[in-house]
Amino acid sequence: MNKDLFTIGKVVNTHGVRGEIRVIQVTDFEDRFEVGNEVYWVSPDSKEQVPLTIDAYRTHKNFHLLHFQGYDNINDVERFKGGKLAITKEQQTPLDEGEFYYHEIIGCHVETTDGSSIGKVKEILSPGANDVWVIQRPQQKDVLIPYIEQVVKHVDPENEKIIIEPMEGLLE
């Protein structure tokens, strides 16, 4: 079945004995986990993809707890641990101009307005008011860049390039 899929969550564990799984969300869209939505479980080695229909959803202690149609006990979902939940390109929500999917940003090369290379975006964090991009720098520790207008000046996902104007002390 090997479809191009986009990760929306990481399965970290099972929850209880009735077939629920515990998921860490890696998407900005809360509606991804609504009852009735179809998602795909992708095995840790990415060799297996299983279509699943969400039939129950709730949050508990910063996790999303999901239950799928036809998976009614812990034995049915035990193998899902360590895998990912994903959606197809057709299931992605349309974005407004100037908005980007995480997968479009992760991997982009980051440089300053004066042309100095910083590194590549390796992860996106969502701690509160704005996203924070984790930039992996060669032979240096990672740097955190807030996704705010004052810092991020240009994003070009097609060419995998981001231009920033760092505030004083941001890159130290």
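**Salt bridges across the chain**

E48 forms a salt bridge with R79, and the closest nitrogen and oxygen atoms of the two are 2.8 Å apart. This pair links distant parts of the chain, since E48 sits in the loop between β3 (38-42) and β4 while R79 sits in the loop between α1 (74-77) and β6 (84-88), 31 residues apart. E48 counts as partly exposed at 33% relative accessibility, and R79 is likewise partly exposed, with a relative accessible area of 41%. The model described here is a predicted one, and the structure holds 5 salt bridges. Side chains of opposite charge can pair when their charged atoms come close.

A second pair to look for joins E20 with R58, where the closest N and O atoms are 2.9 Å apart. E20 counts as buried because its relative accessibility is 14%, which is under the 20% cut-off, whereas R58 is partly exposed at 39%.

Another salt bridge connects K161 with E111, and here the closest N and O atoms are 3.5 Å apart. K161 lies in strand β12 (residues 161-164) and E111 in strand β7 (residues 109-112), so the pair ties together parts of the chain that are 50 residues apart in sequence. In this pair, K161 counts as partly exposed, with 34% relative accessibility, while E111 is buried, with a relative accessible area of 16%.

How values were computed: Residues are numbered from 1 along each chain as its sequence is written. This is a predicted model: local features need pLDDT of at least 70, side-chain atom pairs count only at pLDDT 80 or more; totals for chains, interfaces and linings use all residues. Side-chain values use heavy atoms; hydrogens and water are left out. A salt bridge is a side-chain nitrogen of Lys or Arg within 4 Å of a carboxyl oxygen of Asp or Glu. Buried means under 20% relative accessible area, exposed over 50%, partly exposed in between (1.4 Å probe, protein chains only). Helices (H or I, at least four residues) and strands (E, at least two) are DSSP runs, numbered from the N terminus.
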